[in-house]
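Here is a short report on side-chain contacts. It goes through charges, rings and the nonpolar core in turn.

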Amino acid sequence: SLKKRFSSEIKDPYKILGVDRRMSFSEIKKVYQRKRREFHPDTLISKGLPEELLEKAKERFIEIQTAFEEIEKKN
């Protein structure tokens, strides 16, 4: 699965999301949702991003998703 493929690259899910461990889960979720929208492939396609950058953005999107799932498991 894609999650397994990219999860090995993740070292610290908090750093990936750019959040502090002391933040509440609801604050972390807001940051996650903002980043998720920012890197969502559909959003970037509509902005006309070149294909090579779309691939990088998709990788980042998966990384963000996986990081949030790791944090969510701890709460």
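## Charges, rings and core

Arg60 is partly exposed, at 22% relative accessible area. The structure is a predicted model.

Take the ring. The charged end of Arg60 sits over the ring of Phe39, 5.4 Å from the ring centre.

Arg60 forms a salt bridge with Glu63, and the closest N and O atoms are 3.0 Å apart. Arg60 and Glu63 are three residues apart in helix H5, so about one helical turn separates them.

**Salt bridges**

How many salt bridges does the structure hold? The count is five. Three of them, including the Arg60 bridge, are set out here.

| Salt bridge | Closest N and O atoms |
|---|---|
| Asp12 and Arg21 | 3.2 Å |
| Arg60 and Glu63 | 3.0 Å |
| Lys73 and Glu70 | 3.4 Å |

Asp12 has a relative accessible area of 16%; buried means under 20%, so Asp12 is buried. Arg21 has 52% relative accessibility; exposed means over 50%, so Arg21 counts as exposed.

Lys73 and Glu70 both lie in helix H5. They are three residues apart, about one turn of the helix. Lys73 counts as exposed, at 57% relative accessibility. Glu70 is partly exposed, with a relative accessible area of 28%.

**A lysine without a salt bridge**

Is Lys35 buried or exposed? Lys35 is buried, yet it has no salt bridge. The nearest side chain of opposite charge is Glu38, 5.2 Å away. A salt bridge needs the nitrogen and the carboxyl oxygen within 4 Å. Lys35 has its place in helix H3. Setting aside neighbours within four places in sequence, Lys35 is in contact with Ile16, Leu17, Gly18, Arg60 and Ile64.

**Aromatic rings**

The distance of the centres and the angle of the planes describe a pair of aromatic rings. A search of the whole structure finds two such pairs. Why is the pair of Tyr32 and Phe68 stacked? The ring centres of Tyr32 and Phe68 are 3.9 Å apart and the planes are at 10°, so the pair is stacked. The pair links distant parts of the chain. Tyr32 is in helix H3 (residues 25-39), and Phe68 is in helix H5 (residues 51-74). The two are 36 residues apart.

Both Tyr32 and Phe68 are buried. Phe25 comes in too: ring pairs link Phe25, Tyr32 and Phe68 into a cluster.

**The nonpolar core**

The largest nonpolar core has 16 residues. Leu17, Val19 and Ile28 have the most contacts inside it. Which elements give two or more residues to this core? They are helix H2 (13-17), H3 and H5. H5 gives the largest share, seven residues.

Leu17 touches residues well beyond its own neighbours in sequence. Not counting residues up to four places away, Leu17 touches Ile28, Val31, Tyr32, Lys35, Ile64, Ala67, Phe68 and Ile71. Among them are Tyr32 and Phe68, the stacked pair.

Conventions:
Residues numbered from 1 in each chain as written. Predicted model: local features only at pLDDT ≥ 70, side-chain atom pairs only at ≥ 80, totals over all residues. Heavy atoms only, no water. Phe/Tyr/Trp six-rings, centres within 6.5 Å; stacked < 30°, edge-to-face > 60°. Helix = DSSP H or I, 4+ residues; strand = E, 2+ residues; numbered from the N terminus. Buried < 20%, exposed > 50% of the residue type's maximum accessible area, 1.4 Å probe, protein only. Lys NZ or Arg CZ within 6 Å of the ring centre and 35° of its normal. Core = buried A, V, L, I, M, F, W, Y, C linked by side-chain atoms within 4.5 Å. Contact = heavy atoms within 4.5 Å. Lys, Arg positive; Asp, Glu negative; His and termini not counted.
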